[in-house]
Amino acid sequence: RHFLYHQRDRSQALKRGGGATTLSLDMQSAEESYAIQPRADMTPEDVFEYRWAMTVINRALRRLEEESRATGSSRQFDQLTPFLTGGEPQLPYKQVGKTLGMSEGAVKVAVHRLRKRYGECLRAELAETVVDLGEVDAELRQMLTILGRQAHSP
């Protein structure tokens with residue numbers, strides 16, 4: 001009868017690491033994170049702006065992912081996420097469609113809708129950082145300029 005109480009006490013015991021945050025040593029994630037780190041020749045202001053932009057993007061993606069999971073379309077989200085970044089997707093629409101049981105045209109429409117919603121999530125994240133909502137588009141342009149500088153520099 002007291003087993004559950006004792007288990008809880010043991011799991012929260014400070015000498016056993018209770019209350020401490022466990023850090024994962026996920027090497028793949030660390031390598032991916034390193035690959036997107038700012039260059040060494042950037043000024044501290046550039047580094048700050050770059051990290052701010054990446055934080056906004058990651059928060060928007062997380063928001064979009066949470067929405068997808070809540071609506072039960074997490075599998076579709078996972079398959080279509082590579083099409084959001086503007087980079088070259090690893091798989092063509094037709095192959096993704098086969099995986100999801102959709103036609104190529106339906107995948108294109110789903111990607112279009114996901115991109116549109118991603119833009120809305122980005123704007124929502126930026127809206128939380130500005131005083132005047134009229135500044136959201138200017139902040140978005142600034143963010144894209146920062147990321148563009150990082151991507152096109154040696």
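Angles under 35 degrees count as roughly parallel, over 145 as roughly antiparallel, 65 to 115 as roughly perpendicular, and the rest as oblique. The model described here is predicted, so local features need pLDDT of at least 70 and side-chain atom pairs count only at pLDDT 80 or more, while totals for chains, interfaces and linings use all residues. Residues are numbered from 1 along each chain as its sequence is written, and side-chain values use heavy atoms, with hydrogens and water left out.

**Overall composition**

- The protein has seven helices and zero strands, where helices (H or I, at least four residues) and strands (E, at least two) are DSSP runs numbered from the N terminus.
- Along the sequence the pattern reads α-α-α-α-α-α-α.
- Of the 154 residues, 24% count as buried; buried means under 20% relative accessible area, exposed over 50%, and partly exposed in between (1.4 Å probe, protein chains only).
- Contact means heavy atoms within 4.5 Å; among contacts between residues at least 6 apart in sequence, 55% join residues at least 24 apart.

**Helix α3**

- Helix α3 covers residues 44–71.
- Just after α3, G72 takes a positive phi of about 80 degrees.

**Helix α6**

- Helix α6 (residues 104–127) has 24 residues, which should span 34 Å; the separation of its end C-alpha atoms is 35 Å, in agreement.
- Buried positions in α6 are V107, A110, V111, L114, Y118, G119, C121, L122, E125 and L126.
- An α-helix has 3.6 residues a turn, so residues three or four places apart point the same way.

**Packing of α3 on α6**

- The two helices pack at an angle of about 125 degrees, with their axes 9 Å apart; axes are lines fitted to C-alpha atoms, for helices over the stretch in contact, and angles run from 0 to 180 degrees between N-to-C directions.
- α3 and α6 are therefore oblique to each other.
- From α3, the residues W52, V56, I57, R59, A60, L61, R63, L64 and E67 meet L114, R117, Y118, C121, L122, A124, E125 and L126 of α6.
- By class, this contact of α3 with α6 has twelve nonpolar, no polar and five charged residues (Ala, Val, Leu, Ile, Met, Phe, Trp, Tyr, Cys and Pro count as nonpolar, Asp, Glu, Lys and Arg as charged, and the others, Gly among them, as polar).
- E125 in α6 counts as buried because its relative accessibility is 5%.
- Not counting residues up to four places away in sequence, E125 touches V56, R59, A60 and R63.

**Packing of α5 on α6**

- α5 and α6 pack at an angle of about 95 degrees, and their axes are 8 Å apart.
- The pair is therefore roughly perpendicular.
- Y93, K94, V96 and G97 of α5 meet E104, V107, K108, V111 and R115 of α6.
- The contact of α5 with α6 comprises four nonpolar, one polar and four charged residues.

**T99**

- T99 lies in helix α5, which covers residues 93–100.
- T99 counts as partly exposed because its relative accessibility is 35%.
- Leaving aside residues up to four places away in sequence, T99 touches R75 and Q79.
- T99 and Q79 are 20 residues apart along the chain, and their C-alpha atoms are separated by 8.5 Å.

Conventions:
The expected span of a helix is 1.5 Å times one less than its number of residues.
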